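Here are my notes on the model, point by point. Please read them with the coordinates open.

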Amino acid sequence: MVKHLVAAQNEFFATQKTKEVTYRKYYLKKLQQEILDQEDAICNALYADFKKPKFESLATETQLVLAELKHAIKNIRSWSEPNSVGASLSNFPSKDWIQPEPYGKVLIISPWNYPFMLAIAPLVGALAAGNTAILKPSEFSPHTSKMIAQIIQKVFPPEYVTVVEGGVEVSAQLLKEKWEYIFFTGSTRVGKIVYQSAAEHLTPVTLELSGKNPCIVDETASIKLAAKRIAWGKFINAGQTCIAPDYILVHKNIKDSLVDHLKQNITQFYGKEMETSESFARIATTKHYQELKVMLEGQTLLFGGSFTDEEQYISPTLVDEPQLDSPIMNGEIFGPILPIISYEEEDELHEYISKYPNPLAFYVFSSNKKFQKRLMGQYSFGGGAINDVVVHISNKDLPFGGVGQSGIGGYHGKHTFDLFSHHKSIIKRGTWLDVPLRYAPYNISLKWVKKIKHLF
Ligand code: NAD
């Protein structure tokens with residue numbers, strides 16, 4: 001079946017149909033309308049998968065995608081136009097330009113944590129740029145995966161866009177095919193597998209991967225506000241957010257106060273009976289739920305720590321000063337568990353931060369501008385925020401992505417269009433003049449060659 005779909009997309013792309021901006025726009029609008037019509041059903045699917053609260057489904061899934069669609073539909077014509085650049089004197093007379101063009105067929109593989117948004121947001125840019133696409137949503141969010149398949153089937157002919165549902169085997173089968181671009185969101189472990197498969201055909205990739213994101217709170221921070229923002233960004237989607245703060249490094253003089261404020265905010269957000277809160281999601285996969293439980297073993301808890309196996313519920317939990325070699329500090333947590341580690345001198349921060357290179361996100365709460373600047377400049381990370389968490393994802397003008405271990409490439413807004421376009425450089429030479437300097441026999445003195453520099 002995969003081979004058949006791939007062949008159909010190859011054939012369709014070759015018709016040049018997707019190079020017409022009106023064609024792309026027509027389908028993006030159709031997709032927009034279908035998402036608007038199905039918004040409630042999408043939220044229901046997300047709720048069925050992991051009790052995702054409707055507010056979070058709207059704010060972090062459908063509305064984000066609709067904003068991407070609106071922006072792309074509005075700008076697609078200007079983005080697709082050739083972009084003139086200055087001509088070089090040596091080529092006089094000429095016109096020089098960059099022509100964005102689609103790669104061909106794109107494979108998009110997505111995870112379960114924001115299962116709708118992380119499948120459809122890249123698709124919007126892929127189609128805006130004129131590609132065809134096959135989507136492989138996560139098998140661990142089956143209701144949303146089915147919903148995505150239904151929407152795509154209704155909106156697009158399969159030779160243009162189609163969904164292939166399934167797990168690792170299906171994904172592996174898809175990766176055996178030759179793609180012109182692969183966009184993968186998921187773990188760093190699987191990202192390496194995807195990269196290897198892509199190398200086989202020299203296929204360009206975007207890899208949106210994971211990291212262990214530090215959140216540093218120094219003595220000068222506004223503690224009350226820091227606690228509120230951290231609690232929001234950590235526990236939204238039950239901590240299953242790739243850019244959630246993973247652990248806090250807090251100055252020892254303000255640790256108790258920060259912890260008190262975190263507790264207050266968590267209780268305010270989710271109530272005293274958190275399990276009954278309609279604002280708090282569940283852990284989406286059993287494997288991950290079990291791993292999170294193991295992470296809590298032997299830890300000193302400052303708050304929370306309760307769980308219910310039937311529901312795969314873990315309450316918002318604060319862990320006190322975990323050992324660096326304990327499972328909780330071994331890799332990304334990806335759940336509602338927040339370790340709090342104190343430091344005394346700034347130098348101590350390096351030991352922690354450098355242990356987890358290239359985090360996907362990096363956060364500093366401080367009112368000391370020099371401290372903010374030093375930390376933001378010193379470390380390599382995907383993106384970040386000063387005095388807030390997570391919010392850098394919401395500005396479409398900021399490319400969203402990782403670096404090193406946390407990924408390759410950045411997207412959102414026009415960045416997605418650019419990422420899914422090959423930027424073709426073209427020179428159109430005039431024919432009424434042909435400066436003879438570059439042609440053999442080379443009679444021009446070498447002294448002049450060095451002086452003129454740009455002979456062609
Ligand atoms: P995952 O890597 O296990 O799976 C992602 C996708 O890859 C799924 O569709 C899955 O079916 C497929 N897959 C799994 N194993 C495969 C294999 N061996 N070969 C081919 N395909 C395979 O990730 P996940 O558990 O679904 O998602 C959670 C991870 O994703 C976290 O680590 C999180 O940080 C990361 N993530 C990153 C971003 C980002 O934007 N950087 C966003 C969300 C999640």
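1. Start with Ser-210. One of its polar side-chain atoms sits 3.5 Å from an oxygen atom of the ligand. That is a polar contact, meaning a pair of N or O atoms within 3.5 Å. The protein buries 91% of the 830 Å² that the ligand exposes when taken alone. Those areas are Shrake-Rupley values with a 1.4 Å probe.

2. Some ground rules. This is a predicted model, where local features need pLDDT of at least 70, side-chain atom pairs count only at pLDDT 80 or more, and totals for chains, interfaces and linings use all residues. Residues are numbered from 1 along each chain as its sequence is written, and side-chain values use heavy atoms, with hydrogens and water left out.

3. Backbone atoms also reach the ligand. A polar backbone atom of Leu-209 is 2.6 Å from a nitrogen atom of the ligand. For Gly-186, a backbone N or O atom lies 3.4 Å from a ligand oxygen atom.

4. Which residues come nearest to the ligand? They are Glu-139, Ser-171, Ser-187, Leu-209 and Glu-332, out of 26 around it. A residue counts as near if one of its heavy atoms lies within 4 Å. By class, the shell has 14 nonpolar, 8 polar and 4 charged residues. Nonpolar here means Ala, Val, Leu, Ile, Met, Phe, Trp, Tyr, Cys and Pro; charged means Asp, Glu, Lys and Arg; the others, Gly among them, are polar.

5. Helix H6 (168-176) gives the most to this shell, with 3 residues. Helices are DSSP runs of H or I with at least four residues, strands are E runs of at least two, and both are numbered from the N terminus. Why does the ligand lie between two domains? Domain 1 (2-209 + 407-423) and domain 2 (214-401) both give residues to the shell, so the ligand lies between them. The bounds come from an automatic or database domain assignment.

6. Now the second largest pocket. Its volume is about 460 Å³. The closest lining residues to its centre are Ala-59, Thr-60, Leu-64, Ile-393 and Ser-394, of 26 in total. A pocket is an open set of points on a 1 Å grid over the protein atoms alone, where a 1.4 Å probe fits, with protein on both sides within 12 Å along at least five of seven lines; lining residues have an atom within 4 Å of a point. Points are joined across faces, edges and corners, and the volume is the space filled by probe spheres set on them.

7. H3 supplies the largest share of that lining, 8 residues. The lining divides into 17 nonpolar, 6 polar and 3 charged residues. Domain 1 and domain 2 each contribute at least three.

8. The Phe-92 to Pro-93 peptide bond is cis, with omega near 0°. Pro-93 is in the loop between strands S1 and S2. Ala-440 and Pro-441 are also joined by a cis peptide bond, with omega about -5°. Pro-441 falls between strand S20 and helix H14. Gln-312 has a positive phi, near 55°, though it is not glycine. Its loop runs between strands S11 and S12.

Notes
Polar contact = N/O pair within 3.5 Å; in protein donor to acceptor, adjacent residues only side chain to side chain.
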